[in-house]
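This report is for a reader who is new to the structure shown below.

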Amino acid sequence: MSKKPTNPAFKVRAASPTIFRKYYERGDLPIAVEHHAIGNKIQWKVEIEKLDYHHYLPVFFEGLREKQHPYKFLAREGVANMLEHGGGKILPVIPQLIIPIKKALNTRDPEIICNVLEVLQLLVVSGEMVGEALVPYYRQILPVLNLFKNKNVNLGDRIEYGQRKRQNIGDLIQETLELLELHGGDDAFINLKYMIATYESVVLN
């Protein structure tokens, strides 16, 4: 029996080396890996609140395409830490985050996509008006999500975030879209619906 050909739209595209990796290898990032018996932690050499977010946050977002240790771990943890402590510094940097997000999603790599979805969820709730600020960029970040929305890729144990294991890329996309709508203001739903026709509002229903 001949094997069914794979849809080229889902073909994983090789991720190019990132600025994050280059900066880290040069010692230009204020971070190091702290090794512990129960797992690694990120060690900051400066207070996170004092970082130049316009410079560092886009660099860490670039690192979301990384799949190798320690780059993947440091980029993911670094982004989470910066979003947790950024407050009002995050909103002005949103336009600079769109290209790194788009590049990561365009790899079509389920592992990287799930990484970005988790970060998008953190980003949307990271500060006031952030959800609204993302609405004009839906056309750039949603096409790949539309492609994978109904693709129930079981990721098994390969991907683990915190205490939760994410089994299904379709579920994670749905969850992210709902958060975008809930935090995106009055124009969020119509723009989501325009890009993802099958999306149903969690606010209007």
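## Helices α3 and α5

Which residues in α3 meet which residues in α5? K72, R76, V79, A80 and L83 in α3 meet E111, N115, E118, V119, L122 and L123 in α5, where contact means heavy atoms within 4.5 Å. By class, the contact of α3 with α5 has six nonpolar, one polar and four charged residues. In this scheme Ala, Val, Leu, Ile, Met, Phe, Trp, Tyr, Cys and Pro count as nonpolar, Asp, Glu, Lys and Arg as charged, and the others, Gly among them, as polar.

Two packed helices are described by the angle between their axes and the distance between the axes. Helix α3 spans residues 71-85 and helix α5 spans residues 110-124; they pack at an angle of about 15°, with their axes 9 Å apart. That makes α3 roughly parallel to α5. The axes are lines fitted to C-alpha atoms, for helices over the stretch in contact, and angles run from 0 to 180 degrees between N-to-C directions. Angles under 35 degrees count as roughly parallel, over 145 as roughly antiparallel, 65 to 115 as roughly perpendicular and the rest as oblique. The crossing of α3 past α5 is right-handed; a crossing is left-handed if the near helix is turned anticlockwise from the far one by less than a right angle, and right-handed if clockwise.

## The model and the chain

This is a predicted model: local features need pLDDT of at least 70, side-chain atom pairs count only at pLDDT 80 or more, and totals for chains, interfaces and linings use all residues. Residues are numbered from 1 along each chain as its sequence is written, and side-chain values use heavy atoms, with hydrogens and water left out.

The chain has ten helices and four strands. Helices (H or I, at least four residues) and strands (E, at least two) are DSSP runs, numbered from the N terminus. From that end on, the elements run α-β-β-α-α-α-α-α-α-α-β-β-α-α. Of the 205 residues of the chain, 48% count as buried. Buried means under 20% relative accessible area, exposed over 50%, and partly exposed in between (1.4 Å probe, protein chains only). Among the contacts in the chain with a separation of 6 or more, 69% come from residues 24 or more positions apart.

## Helices α2 and α3

Helix α3 also packs with helix α2 (residues 53-62), at an angle of about 140° and with the axes 8 Å apart. The two helices are therefore oblique to each other, and α2 passes α3 in a left-handed crossing.

On the α2 side, the residues in this contact are Y53, Y56, L57, F60 and F61; they meet L74, A75, G78, V79, M82, L83 and H85 in α3. The residues of the contact of α2 with α3 divide into ten nonpolar, two polar and no charged.

T18 is in the segment before α1 (19-26). How accessible is T18, buried or exposed? It is buried, with a relative accessible area of 4%. Leaving aside its neighbours within four places in sequence, T18 is in contact with E62, G63, R65 and E66. A polar atom of the T18 side chain lies 3.1 Å from the backbone nitrogen of R21.

S201 is in the segment after α10 (188-195) and counts as buried, at 5% relative accessibility. Apart from its neighbours within four places in sequence, S201 is in contact with E181 and F189. Its side chain makes a polar contact with the side chain of E181 (2.4 Å). A polar contact is a pair of N or O atoms within 3.5 Å; within protein, one must be able to donate a hydrogen and the other to accept it, and residues adjacent in sequence count only if both atoms are side-chain atoms. A polar atom of the S201 side chain also lies 3.0 Å from the backbone nitrogen of V203. S201 and E178 are 23 residues apart in sequence and 7.6 Å apart in space, C-alpha to C-alpha.

## Backbone features in loops

The peptide bond from H69 to P70 is cis, with omega near 5°. P70 is found in the loop between α2 and α3.

R108, in the loop between α4 (94-105) and α5, has a positive phi of about 60° although it is not a glycine. At 12% relative accessibility, R108 counts as buried. M129 lies in the loop between α5 and α6 (130-134); its phi is near 75°, a positive value in a residue other than glycine. M129 is partly exposed, with a relative accessible area of 47%.
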